[in-house]
Amino acid sequence: MRGKAVIAGVGHTTYGKHPGRDRIDLIVEAVRNAVADAGIEKAMIDGVLVKMANSEPSILYGQKVAEALGIRPKVGGSLDQGGAANIALISYAAMAIDAGLMEMAIVCYGDTPRTGSRAVFHRPRGDDAAYGWYSTAAGYAMIHQAYKQEFNPPDEHFGAIAVQCRQNALDNPSAHLRVPLEMDEYLAGKYLVEPMRRDDCCLVSDGGAAVIVTSAKRARELGIDKAVPVLGFGQGQESWDVHLRPKLTRTMAETSAQIAFQMAGLGPDDIDIAQLYDCFTVTVLQTMEDYGLAPRGLAGAFALTEGISPDGKLPLNTSGGLLSESGTPGLQLVIEGVRQMRGDARLQISNADTCIVSNQGGSMHTHATMILGTAA
Amino acid sequence: MTFPAPVISEVSRPYWEGLADGLLKYQHCGSCDERWLPARSACPVCLTPDPVWLTASGTGHVVSWVVYHHAYTEYLKDKVPYDVTIVELDEGPRLLTNIVNSHAGADLLVGSKVGLAIEIEEGVALARFRLLQERDES
């Protein structure tokens, strides 16, 4: 599948607070922007794939979105994989287009947990709630603790991720949080669920985002010369809940990346830029190591010495990530990866030919990886 | 918000009734010898139904833990800071629990030996644990 599918256009709303707006309204705005970005007619879209809204799962959601978009798709529906779903949907779109089921798909997401309900992130976790087991954050804190106990990293290894993501968001007009964060402020932050501090945790944001997927051939026919090729994609899933995993510090992100690398004919050393799902700082360290971008236990050391800034060895989350651009689950990372490969990113990295993007969900249960390249 | 009492099903009833009787039970597959918690209707390895309930020795060790400094619901406000800890039983199954003498997690280490210390909360018997060797304070 290497290079057969492209991302022909991207669009999004601003991120942060959208009081009074419906999540599907945010999707419509994002799609309107993506259609304009691609320079296509909406009528060309014959696939509508939407990630289930975190804060209000519902049946036939994909059809509600398609109705709001005024599209009668050949292929449509919604997917729940938690935060891995957006890249998974892009890969399913690529394969369905290749199989001739449709020609051009919109993959989209919108939600309003900031001004609406964030109860989903604070929820009791089944019968274990009797022991005080609540929230999404706690599952990651359990992994953060296991990582600390196994590798004994200084807290600065986690802080390096939070500080860089904030730095990258400071001049991003769409970003939710543009208040500078220094390492000493990170280290002075109060624990939320120890060992995780406030600034280890991503934002809770309202926002919508959309990307347009089509075949490289169709994009050429339409003269979309800034279409970005999808070089590889893969998935992998932990089924065991966090506490049942044989090893908390290894996940199926590794498998997800290996499949994507194999499809792309590339390896970790070939990657120029990374947009990694940073719902929590430990997720980034873990993903870097699962992907082979840094040795086990040393992703934070890599960040501090080799560099993850736009000038560093591996520029990371160049628009601010979930930690600072938007807490929405993952499409913003894809969109930034596309912009970097087109050469029109706000913090543009020069001489970059590849960008790897990760999406993941649950408590590192679900993983989806995508590798983007530059237009031929 | 009140105490989130477990939702007891026909599958999990022996587990909760065991705790009320002072026993920690886990499930065992007679077909493939897998042992696990939480309660399921079939073995998660070979899918054989009707697993057998066995009684655990009550000893195990710490795998990982967290300490809540934020109360996610009203009834937890009097409990913070409190630990939630993964314990692996000597028989193999794992569970989420609290360590009653961990000083809000401060005394925990990976591999710390723990023993069952059932506590009744809001009328529900919970499988809490106690550190068997408290850290030397001197």
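**View 1. A bridge that crosses from one chain to the other.** In strand S4 of chain B, Val67(B) is the bridge partner of Glu194(A). Keep in mind that this is a predicted model.

**View 2. Where chain A touches chain B.** Here we look at the wider meeting place of the two chains. How many residues of chain A are in contact with chain B? The count is 25 residues of chain A, which are in contact with 26 residues of chain B. Helix H5 (136-151) and strand S5 (191-194) of chain A each bring at least two residues to the side of chain A that touches chain B. H5(A) gives the largest share of that side, with six residues. Sort that side of chain A by class and you get 15 nonpolar, six polar and four charged residues.

View 3. Three strands of chain B make an open sheet in the order S2-S1-S3, and the pairing is antiparallel. Why do S2 and S3 of chain B each have a side without a neighbour in the sheet? Strand S2 (35-36) and strand S3 (52-55) of chain B stand at the edges with a single partner strand each, so one side of each has no neighbour there. Strand S1 of chain B (residues 25-28) is joined to S2(B) by two bridges, and these strands run antiparallel. Look for Gln27(B), whose bridge partner in S2(B) is Trp36(B).

**View 4. Strand S7 of chain A, tucked away.** Is this strand mostly enclosed or left open? Nine of the nine residues of strand S7 of chain A (residues 207-215) are buried, so the strand is largely enclosed by the rest of the structure. Strand S1 of chain A (residues 5-12) runs antiparallel to S7(A), joined to it by seven bridges. Along that pairing, Val10(A) sits opposite Val211(A) in S7(A). Strand S4 of chain A (residues 104-111) also runs antiparallel to S7(A), and here eight bridges do the joining. Asp111(A) has Gly207(A) as its bridge partner in S7(A).

**View 5. The buried face of helix H11 in chain A.** Which residues of helix H11 of chain A (residues 299-307) are buried? They include Ala299(A), Gly300(A), Phe302(A) and Ala303(A). Among the elements covering the buried residues of H11(A) are helix H6 (156-169) and helix H10 (281-290) of chain A.

Notes
Residues numbered from 1 in each chain as written. Chains lettered and ligands numbered in written order. Predicted model: local features only at pLDDT ≥ 70, side-chain atom pairs only at ≥ 80, totals over all residues. Contact = placed C-beta atoms within 7 Å. Helix = DSSP H or I, 4+ residues; strand = E, 2+ residues; numbered from the N terminus. Nonpolar A, V, L, I, M, F, W, Y, C, P; charged D, E, K, R; others polar. Pairing = 2+ DSSP bridges. Buried ≥ 20, exposed ≤ 12 C-beta atoms within 10 Å, placed from the backbone.
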